[in-house]
Amino acid sequence: MELGAIIWVITMGIRAGTPLLFAATGEILNQRAGTMNLGIEGLMLVGAISGFGTTMVTGNKWLGLLAAITVCALLGFIFAFIVINLKANQVAAGIALTIFCTGFSSFIGKPMIGVMGTSKFAPLSVPILSDIPVFGKIFCQDLLVYLAVIFAVGAWFLLYRTRAGLHLRAVGDSPSTADSMGINVYLVRYIYLIVSSISAGLSGAYLSLAYSSNWIEGMTAGRGWITIALVCFSMWNPLRAIAGAYLFGMVSSLDFRLEASGIDVPSYFLRMTPYLLSIAVLVFIGWRMKGKRMVVPATLGIPYERESR
Amino acid sequence: MFRVKNFLVVLVTVLLSFSLAGCGSGEKNSASISEKPSGEKMKVAFIYNAQIGDYGWAYSHEEARKKVQQSLGYVETVSLENVSPGAKAERTMRELANRGFKVIVATSSDFEADVLKVAKDFPNVDFLICAGTVAKKPNVESFYPKHDQLWYIMGKLAGYMTKTNTLGMIGAIVHPLDLQTQNAFELGALSVNPKVKLKCLFINTYYDPAAEKDAAKSLINAGADVLAQCTNTPAHVEAAEEEGVYAISMFADMRQFGPKAFLSGDDFKWEKYYIPTIEKIHKNQWVPQLVEPDITSGILTMAHFGNSVPQDVRDKIKADLDKAIEGKVVPDSYWEGPIYDNKGNLVVPKGQKLTEKQLLNMNWWVKGIITSQK
C-alpha cells in the first residue's frame, strides 16, 4: 500500500478514534474512583441524538454539544444516585442504563431519521503543520479531535500530577483510608461518574455532528463496549488511551480501504476487525498481567459503605 | 435517613416507569393511521420503511403519491413512514386492510414476505410491491422499471467524465436488481471508454450514511473520480464534493449535497405507473403481473445535468437518452453476448441475450468490475 493510502488511513483513523478517546478518558477517571459506568454505549446514543436533534432545531452545533452534555449529565446523576447512594450492583445498573438509553434515543430520534445535517464540525487546517507536503493531511482535523487529545492529556496531568488526582486515586484504591483523611468519597465518585457520562455524551455528539452529520438508530455500533475494552487496554492511564483509541480507529478505517484496494477478503470479515482486535487486546492484557500486580483500581465495582468499615 | 431513601427509591422507579410507558405509546402513535372514515372514496395506503426526509427512495415515492392524490379524485391516499419490515409491517398492513383500504403500496422489496402473508388473508385488498419479485393472483403485483436501461446511459456519462478511468460504486446488499444497474453502469462506461474499471464496495445495508461516506472516501483514495451508489443516502455526493471529484446519484436527485460534484442521476416519475394501475383497479380491469416498464414508459427519467458537465458531453448523453426514450433503439442491447464476468467465464455467448430469468437471478459482475464479494 502506497504512502498516500497509509496517510489516509492514519487521518481517518484519528477521526474514527476520537469518540473512543473521549469516552475512554472519562471512563478512566471514573473507574479510578472505583465505580464502573457500563452505560457508556447508551449514553453515547443519547448524546448523539440530543446533539443532532438540538442542532437541527436551533441551527447551532455548539448548542447541540451543550444539549448532549446536559442530558447525559442528568442521566449520569440519576445513575450515580442509584449506584452510590442506593448501592445497586454497578454492572447490572450500567447495563440497564444502556438498554434504557438505547430505547430512549431511538424513541426521541424517530423524527430525525433520514434527515441530513446542516450544521457540522468541519476539518480545520492548522497554520504550519497542515502545510507539510504529504503528512500535513493528518493535521486537517476538526476542533473536537484536538479537544479530545487535550482532554486526555489533561486527565493524565490531573491523575498523576495534582492533589485532586491523588485524592481520586485514593478513593478508588482505598476509600476507607480516603474517608478517614477527610476526603468526601461520595462526592468524588458522584463527580467523576457524571464526568464519564458527559464524556460519553460528547463522544456520541461527535459521531452525529462531526464524524457524520445525521442520526441512525444504533449508530454507535458497539463503540461504547470497545471503550470499556480500551480502558483496560490503557491500564487506566489516559496517555495509553490516546494510543489505543487511534489504533482502534485505524483498524476500522483500514477495512474499507483494504477492500477498495482489491484485497479478496469478504467484507463481513473486514468489518469484524475492530471487535476482534478488542477481544485480542483483552486476552493479551490478561496474559501479560498474570502474576504481576494489577493496576486495576482496587475497589472497582464495590460500593462504599461507611458503616461497614 | 431511612425514610428519605425509601421515598427516593420509589420516586425514581415511578419516574422511570412513566418514561417507559411514554416510549410504548409513542411507538404506536408514529404508526397510527389518522384519516376520517369516508365510505365513498377508494383508500390507498403507501408504506415506506424509511423516513421521507431521506432524500432517496421514500422521498421519490412520496412525490408520486402527492401527484396521485392530485389527479385521481376518487382516491384518498395516506402515507406511513418508518414501517420496519417484519412483524411491524405485517401488523400495519393487517390494520390497514381491516380499516377498509383497497390498495396497499409497499415501497420496498423488504416488505415482500410480509405482503405475501397478509395478502393470503385479505383477497379483496390489492397489493403493489415496488422492487418485488413475485406476482400472485388475485392480489399481489410487483413492479420495477428496467432501471439498468437508464444506468447504461449514466455509465456513458461517467465514462466521458472520468480522468482516472476508475469509477466507484457503493452497494448495499447483493440483490439482482442492484447488480443489473451496476453491470449496466460499467457496460455503459466501457462503451465510450474501454479502459474504465468500476470498484464496488458493499456496506451491507441500504441506510448507513456514515459507513457510506467512509466507503466513498476509501474509493476516492483508491483512485475513483466518479462515484455512484445503490444505497439510500446522499453521503457519497457529500464525500465527492469534499474531495473534489464527481458523483452520480441513484434513486433521487441529490444535487443539493454536492453542487460541484453532482453530474446527474435518477428522477423517478412513479406516478406514471401508479395512476394507470390504480385506474385499472378502480375499473376492475386489473390483473396482477410482474410489471417491468422500460425506459419508453416515462417512469425512468434523468435529472438535469449538474454544473460541471460540459456542453459536448451533455449533447451526446441527451442524444442517446432521447433515442432510447423514443424507442428508436433497442434499449438493452448491452445484454447481448458475448459477455464475460469478472472471473473470466463467458456468461452470454455471442448471438444470445440475457433472459428475464437470468436477469432476475443475476449474481455475477461483468468484466471490469472489481469487488471482493462472491
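Predicted model: local features only at pLDDT ≥ 70, side-chain atom pairs only at ≥ 80, totals over all residues.
Residues are numbered from 1 along each chain as its sequence is written, chains are lettered from A and ligands numbered from 1 in the order in which they are written, and side-chain values use heavy atoms, with hydrogens and water left out.

Visitor: What does the secondary structure of chain A come to, in helices and strands?
Guide: Helices (H or I, at least four residues) and strands (E, at least two) are DSSP runs, numbered from the N terminus. Read along the sequence, chain A follows the pattern α-α-α-α-α-α-α-α-α-α-α. The total for chain A is 11 helices and 0 strands.

Visitor: What is the radius of gyration of chain A?
Guide: The radius of gyration is taken over C-alpha atoms, and the globule rule is 2.2 Å times the number of residues to the power 0.38. For 309 residues that rule gives 19 Å, and chain A is close to it, so chain A is as compact as a globular protein of that length. Its C-alpha trace spans about 60 × 45 × 40 Å along the principal axes. The radius of gyration of chain A is 20 Å.

Visitor: Which residue caps the N-terminal end of α3(A)?
Guide: The helix α3(A) has 25 residues and reaches 35 Å from its first C-alpha to its last, close to the 36 Å expected at 1.5 Å a residue; the expected span is 1.5 Å times one less than the number of residues. Just after α3(A), Lys87(A) takes a positive phi of about 55 degrees. At the N-terminal end, a side-chain oxygen lies 2.8 Å from the backbone nitrogen of Trp62(A), and the capping residue is Asn60(A).

Visitor: Which residues does Met235(A) touch, not counting those up to four places away in sequence?
Guide: Met235(A) lies in the loop between α9 (223-233) and α10 of chain A. Trp236(A) also lies in the loop between α9 and α10 of chain A, and its phi is near 60 degrees, a positive value in a residue other than glycine. With contact taken as heavy atoms within 4.5 Å, Met235(A) touches Arg32(A), Arg240(A), Met289(A) and Val295(A).

Visitor: Which residues of chain A lose the most area to chain B?
Guide: In the interface, 34 residues of chain A are in contact with 42 residues of chain B. Buried area is the accessible area (1.4 Å probe) that two parts lose on being put together, summed over both; here it is about 3,200 Å², of which carbon and sulfur atoms give 62%. Together, 19% of what the side of chain A buries comes from Lys110(A), Met116(A) and Phe256(A).

Visitor: How many salt bridges does the rule find across the interface of chain A and chain B?
Guide: A salt bridge is a side-chain nitrogen of Lys or Arg within 4 Å of a carboxyl oxygen of Asp or Glu. Across the interface of chain A and chain B, the number is 0.

Visitor: With which residue does Glu271(B) form a salt bridge?
Guide: The closest N and O atoms of the pair are 3.9 Å apart. Glu271(B) lies in helix α9 (residues 271-282) of chain B and its partner in helix α2 (residues 57-71) of chain B, so the pair ties together parts that are 204 residues apart in sequence. The partner of Glu271(B) is Lys67(B).

Visitor: In which loop of chain B does Pro138(B) lie?
Guide: The peptide bond from Lys137(B) to Pro138(B) is cis, with omega near 0 degrees. Chain B has 11 helices and 15 strands. Pro138(B) lies in the loop between β4 (126-130) and β5 (140-143).

Terms used. Polar contact = N/O pair within 3.5 Å; in protein donor to acceptor, adjacent residues only side chain to side chain.
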